[in-house]
Amino acid sequence: MSVTIKSEHEIELMREAGRILAIVHDEMAKIIRPGISTMDINRKGEEVIRSYDCIPSFLNYNGYPASICVSVNDEVVHGIPNKKHIIKEGDIVSLDAGVIYKGYQSDAARTHAVGEISEEDQRLIDITKQSFFEGIKFAKAGNHLYEISKAIQDFVEANGYSVVRDLVGHGIGKNLHEEPQIPNFKPIGRGMKLRPGMTLAIEPMVNAGAFEVWVLEDDWTVVTRDSKNSAHYENTVLITEGEPELLSYREDLV
């Protein structure tokens, strides 16, 4: 397994990619309301990405036809935007987006409420986000990769939810998906030792019901098998000598 350690110059480029991606997510969040289409969200995201002279990471990646993955309710990830798919009051919408800045990538996801949502769905969103922060408590040089995985799984399951097994986080850099794979559940073993300069996309995908998922006929959209809702939260993370640096997150933005 070949994991790239980024130079200071590469980290600077990824830091800028992440800064821009945080803004992209914030701008998309501003337009989410009942009555808009998932394609409207995609259009807004791509417009903001290109306004910073960046390239959408996902567009045409392995044939994916859009710039933003827009997944609604029981759609876990990789929902394809569609002008006929109108979001409505009470929906939850997961937005996964990536930015390429001067050849370097950033990847992040957020789940949003559409208008007033149920307490159950709000709790699902909150626990999913918090599980990411529980995981990155262990994202420090000298720790092992699967300590992150275990912390995410333990927190999610202690709160009555399940983590998706068929999809995982990943390394990131010049390529959107690099080694290592980062499960949101604890595999056998400890995983590799974390080193400063590693850049990781850590992304809990959390289901209200069981962890099983399947893929729709479009070969992209992943949905829960039991049709219960799912939430997603992701940031691009830099491993340092001390606390991890979240490249795609800003306290003042979503």
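1. Burial of Ser-57. A residue is called buried when its relative accessible area is under 20%, exposed when that area is over 50%, and partly exposed in between, as computed with a 1.4 Å probe on protein chains only. With a relative accessibility of 6%, Ser-57 therefore counts as buried. Helices here are DSSP runs of H or I with at least four residues, strands are runs of E with at least two, and both are numbered from the N terminus. Ser-57 belongs to the loop between β1 (55–56) and β2 (68–72). Its side chain makes a polar contact with the side chain of Gln-105, at 2.7 Å. A polar contact is a pair of N or O atoms within 3.5 Å; within protein, one must be able to donate a hydrogen and the other to accept it, and residues adjacent in sequence count only if both atoms are side-chain atoms.

2. Basis of the model. This is a predicted model, in which local features need pLDDT of at least 70 and side-chain atom pairs count only at pLDDT 80 or more, while totals for chains, interfaces and linings use all residues. Residues are numbered from 1 along each chain as its sequence is written, and side-chain values use heavy atoms, with hydrogens and water left out.

3. The largest pocket. On a 1 Å grid over the protein atoms alone, a pocket is an open set of points with protein on both sides within 12 Å along at least five of seven lines, whereas a cavity is a set of points where a 1.4 Å probe fits but cannot get out; lining residues have an atom within 4 Å of a point. Grid points are joined across faces, edges and corners, and a volume is the space filled by probe spheres set on the points. The largest pocket has a volume of about 410 Å³. Its lining comprises 23 residues, and those nearest its centre are Tyr-61, His-78, His-170, His-177 and Glu-203. The most comes from β8, with three residues.

4. The lining of the largest pocket contains 10 nonpolar, seven polar and six charged residues. In this division Ala, Val, Leu, Ile, Met, Phe, Trp, Tyr, Cys and Pro count as nonpolar, Asp, Glu, Lys and Arg as charged, and the others, Gly among them, as polar.

5. Aromatic pairs. Rings of Phe, Tyr and Trp (its six-membered ring) pair if their centres lie within 6.5 Å; planes under 30 degrees apart count as stacked, over 60 as edge-to-face and the rest as tilted. The structure holds five such pairs. One of them joins Phe-132 and Tyr-233 edge-to-face, at 5.4 Å centre to centre and with 65 degrees between the planes. Phe-132 is in helix α3 (residues 119–135) and Tyr-233 in the loop between β13 (230–232) and β14 (235–238), so that distant parts of the chain, 101 residues apart, are linked. Both residues, Phe-132 and Tyr-233, are buried.6. Tyr-249 is buried, at a relative accessible area of 19%. One aromatic cluster is formed by Phe-132, Phe-133, Tyr-233 and Tyr-249.

6. Arg-165 and two rings. A charge sits over a ring if NZ of Lys or CZ of Arg is within 6 Å of the ring centre and within 35 degrees of the ring normal. The charged end of Arg-165 sits over the ring of Phe-185, 5.1 Å from its centre. Arg-165 also lies over the face of Phe-211, at 4.5 Å from the ring centre.

7. His-25. This residue is part of helix α1 (residues 8–31). Its relative accessibility is 0%, so His-25 counts as buried. The side chain of His-25 reaches the backbone oxygen of Ala-108 at 2.9 Å.

8. Backbone geometry. Most residues other than glycine have a negative phi, and most peptide bonds are trans. The peptide bond from Glu-179 to Pro-180 is cis, with omega near 5 degrees, and Pro-180 is in strand β8. Lys-102 has a positive phi, near 50 degrees, and is located in the loop between β4 (92–101) and β5 (104–113). At 61% relative accessibility, Lys-102 is exposed. Asp-219, which is not a glycine, has a positive phi of about 70 degrees; its place is the loop between β11 (213–215) and β12 (222–224). Asp-219 is exposed, at 64% relative accessibility.
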